[in-house]
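These are my notebook entries on one protein chain. I record what I looked up, one topic at a time.

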Amino acid sequence: MYVALAGLAAQLVELDARGREVARFPEVPLSGDNGSEVPFDTPSSATFLGTSVLVANQSAVAGEPSHQAILDVEVGERGRPAFLPRRARFR
């Protein structure tokens, strides 16, 4: 599982099946350095697309409009399909 750390850490965290931390990216918190032109700046959401994790980057900390983007982070593994519950029926 990959979790976006919204806030000052500006990292993506990988957790194992038991919820234990495996890794953080980037390794140095607060740097936002992710190898792209747009740094992690308040990453707020993460979801799989193939072998990439799409990260919604809000830029709430810096307030920089050019940092508001969807970032494609290649992780080299496929995620599970999204769980989409059936719509509730109200009568």
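This is a predicted model: local features need pLDDT of at least 70, side-chain atom pairs count only at pLDDT 80 or more; totals for chains, interfaces and linings use all residues.

Entry 1: I found an open sheet of 3 strands in the order β4-β5-β6, with antiparallel pairing. Its edge strands are β4 (43–49) and β6 (69–74), each of which pairs on one side only. From one strand to the next, the twist averages 25°. I noted as background that strands of a sheet pair through backbone hydrogen bonds, either parallel or antiparallel.

I then followed one pairing in detail. Strand β5, residues 52–57, pairs with β6 in the antiparallel sense over 6 bridges. In this pairing I located Val-53, which stands opposite Val-73 in β6.

**Entry 2: the chain as a whole.** How many helices and strands does the chain have? I counted 0 helices and 6 strands, and the pattern along the sequence reads β-β-β-β-β-β. The C-alpha trace spans about 50 × 30 × 20 Å along its principal axes. The chain has 91 residues, of which 24% count as buried. I recorded an accessible surface of about 6800 Å², and 53% of this surface belongs to carbon and sulfur atoms. Among contacts with a separation of 6 or more, 33% come from residues 24 or more positions apart.

Entry 3: I next turned to β1 (2–5) and β2 (11–15). The two strands run antiparallel and are joined by 4 bridges. Leu-5 stands opposite Gln-11 in β2. The hairpin has 5 residues between its strands, and Gly-7 takes a positive phi near 130° there.

Entry 4: I looked up Leu-8, which lies in the loop between β1 and β2. Is Leu-8 buried or exposed? Leu-8 counts as exposed because its relative accessibility is 61%, and the cut-off for exposed is over 50%. Together with Leu-30 and Val-61, Leu-8 forms a nonpolar patch on the surface. The accessible area of these three residues together is about 330 Å².

**Entry 5: salt bridges.** My search of the whole structure gave 2 salt bridges. One of them is between Asp-16 and Arg-20, whose closest N and O atoms are 2.9 Å apart. Asp-16 counts as partly exposed because its relative accessibility is 26%. Arg-20 is also partly exposed, with a relative accessible area of 48%.

Side chains of Glu-21 and Arg-24 meet in a salt bridge as well, at 2.9 Å from N to O. I noted Glu-21 as partly exposed, given its relative accessible area of 45%. Arg-24 is partly exposed, with a value of 33%.

**Entry 6: Gly-19.** Where is Gly-19 found? I located Gly-19 in the loop between β2 and β3 (21–25). Gly-19 counts as partly exposed because its relative accessibility is 47%.

How values were computed:
Residues are numbered from 1 along each chain as its sequence is written. Side-chain values use heavy atoms; hydrogens and water are left out. Patches are made of residues with over 30% relative accessible area and no salt bridge: like charges are joined within 9 Å, nonpolar side chains (Val, Leu, Ile, Met, Phe, Trp, Tyr) within 5 Å. Accessible areas come from the Shrake-Rupley method with a 1.4 Å probe; for residues, only the protein chains shown count as cover. A salt bridge is a side-chain nitrogen of Lys or Arg within 4 Å of a carboxyl oxygen of Asp or Glu. Buried means under 20% relative accessible area, exposed over 50%, partly exposed in between (1.4 Å probe, protein chains only). Two strands pair if DSSP finds at least two bridges between them. Axes are lines fitted to C-alpha atoms, for helices over the stretch in contact, and angles run from 0 to 180 degrees between N-to-C directions. Contact means heavy atoms within 4.5 Å.
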